[in-house]
Amino acid sequence: MSHPHHKLLEAICQRIVSELKERDIEVDMDFMTFVVHLLMRDMRYGLLHTDLNKPSSCRIDNFIEYIVHGYTNNTDTTMANMRLSWIMKTGHGIKLSYVREQYEAKYQQQLKLLIDDILQYPETCSKVQLDQLFAKMQVFIVATYHLGCPSNHVVLKLAAMALNSVIGRSDLQNYVLKKKYHRQEYLQRLADTVAGIVIYNNDGPDGDHENVRNVIGELQMAQSNTSAAFDAVLERLKDLSGKCQATISEQLQFNCKETKLYYRVPLEHLQRVNQFTVTFNSLMRCLLELQRSYEHTAYLVSVETGRYDCVVAKINDTLFMRTAIDSELIFPHFVYLSKVWCNLNHYFNHIVELNRLREQLESQVPKEMEQRAKDTIVEIQELAKHIKEMRGCSFNERMELLKEYQTDGNFCSLAEADIKEFCGLSLAVTNGLLLPAKVLRKLCMNLDIKFGFQDETYARIAELWFERFISAFRQAIFNSANLALLFNLDHALIAKELQPVPVEPPKTKDYEGQTEMVVTNDLSPANWINVTWNSWDYHRETIHLAEIRKRQTHDTQTKITYGQRNAQNQTYNTRHRN
């Protein structure tokens, strides 16, 4: 399903992209389509007052100019919200399984040439070739399990010592006698064992951590730095958002008895501060989602670290006070240790990807935007000092203003959004201003939606004016691109529109057929009798076969014709001659 004015919106996207390319700015076409489809629904900057069947060129030009200016301005809050949402939609690095698959595919592609080189040695290998094979096995083991730099001679020497303890010269000669697929399977099992030996030998404080990688220490450092980074940025954003909401709250006064709203600074000026509130909270929600994924990975790291310590202790107990030990008893522990090491590597890669996403998200809200928010707060406070009397209007008047805007947003989709953090009544009355909520109330018994309110009085008014409140609340959110992005409801609005346009099937279709009995690839002398270069010979042969088929008789028909069917049950009277 596409938008009814899909061609117009696509033309707008093309114009925006071409203007940005003229300024030597590369842009993702999919992202720009997402921006246009969502921003056109905005009651302040969109095309809700434009008849798209007969669009006004001036309104279209202003809409395009606004998007181009916002895309080139790094302090534009609406475009920052768009980018934050797009990064979270396309940033698959937040999933551990995706990171694992990508890294494994990357390493397999890099190691493919080395693996093929190891498997290509012939059965009749010379001593020099066996030495080369032995050296390449060392590199393969070090690179596969990320034990260190494959070009580090110290790491390769440690791998050679471990490899020598597992496979000897005669075993290496037997290795090249195996089938190719058996070689690869044995090479993987051999790498598991040898990597486990190298990891075990360099475990603890006595290990060579300068050359051999210490993934446990790296994980501890990464976890410490990641936790500190998340805490610092979330604390800063919480402080900025609190200052913006406090500035808005200072300029408003809700009289719940008279159901009237009093404001000193015009509400459109307060919307300027509110935009920063939305952006800071959007970034906070994105970072909190990353933090939850990081905490899950940190828990898996703690579990896997416990397994690592357990298997090392098991190996120590097995080797304690023994000079010789059966390989079948100790090698499985080394294999298990290498598997645990691989899992720890995957968790480390996931933490790296989460930090990369965190930095990408933070870059969308630069220091200049934070400074602009502080300057806007000061400007609003100075403006309020020059306004002595507060203006007032009723709650109902403010809610009625939203009725002129139409939306196709479904109210039931609010059940998926986290809307209880902000006061629902103040959002509906002020047409989108965000104020903190302190009370939760479930207004609709049929839907599991909890609304937030500043106190019980606000909740009571929302209950009494349920229909008006719900209508205004829905219009305020779905007709604001920023609020739809904040509450992650943009997919509920434009998901169907961004699907590919269905292609109508053609009215006529070419039929491709193949002539039967035409031999094109077998021209041996034995088959030349059935081959001809004249197509009419095939037509005559076809007619001839059809005539033969037409004259063919069936056994059942013949017997019925001559009255001989079921002859075994019939009797014939003999003819008597006089």
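This is a predicted model: local features need pLDDT of at least 70, side-chain atom pairs count only at pLDDT 80 or more; totals for chains, interfaces and linings use all residues.

Residues are numbered from 1 along each chain as its sequence is written, and side-chain values use heavy atoms, with hydrogens and water left out.

**Exercise 1.** Find how many helices and strands the chain has, and what share of its residues is buried.

Solution. Start with the elements: there are 21 helices and five strands. These are DSSP runs numbered from the N terminus (helices are H or I, at least four residues; strands are E, at least two). Next, burial: 44% of the 578 residues count as buried, meaning under 20% relative accessible area, with a 1.4 Å probe and protein chains only.

**Exercise 2.** Work out how helices α11 and α13 are oriented to each other, and what kinds of residues make up their contact.

Solution. First, the geometry: α11 covers residues 267–319, α13 covers residues 367–385, and they pack at about 150° with axes 10 Å apart. Axes here are lines fitted to C-alpha atoms over the stretch in contact, and angles run from 0 to 180 degrees between N-to-C directions. So the two helices, α11 and α13, are roughly antiparallel, the label for angles over 145 degrees.

Now look at who meets whom: the α11 side includes His269, Phe276 and Phe280, and the α13 side includes Met369, Thr376 and Leu383. Contact means heavy atoms within 4.5 Å. Sort the residues of this contact and you get nine nonpolar, three polar and four charged. For the sorting, Ala, Val, Leu, Ile, Met, Phe, Trp, Tyr, Cys and Pro count as nonpolar, Asp, Glu, Lys and Arg as charged, and the others, Gly among them, as polar.

**Exercise 3.** Decide whether Met284 is buried or exposed, and find what it touches.

Solution. Locate Met284 in helix α11. Its relative accessibility is 13%, so Met284 counts as buried. Skipping residues up to four places away in sequence, Met284 touches Leu234, Leu237, Lys238 and Ser241. Take Leu234: Met284 is 50 residues from it in sequence, yet their C-alpha atoms are 6.3 Å apart.

Conventions
Angles under 35 degrees count as roughly parallel, over 145 as roughly antiparallel, 65 to 115 as roughly perpendicular and the rest as oblique. Buried means under 20% relative accessible area, exposed over 50%, partly exposed in between (1.4 Å probe, protein chains only).
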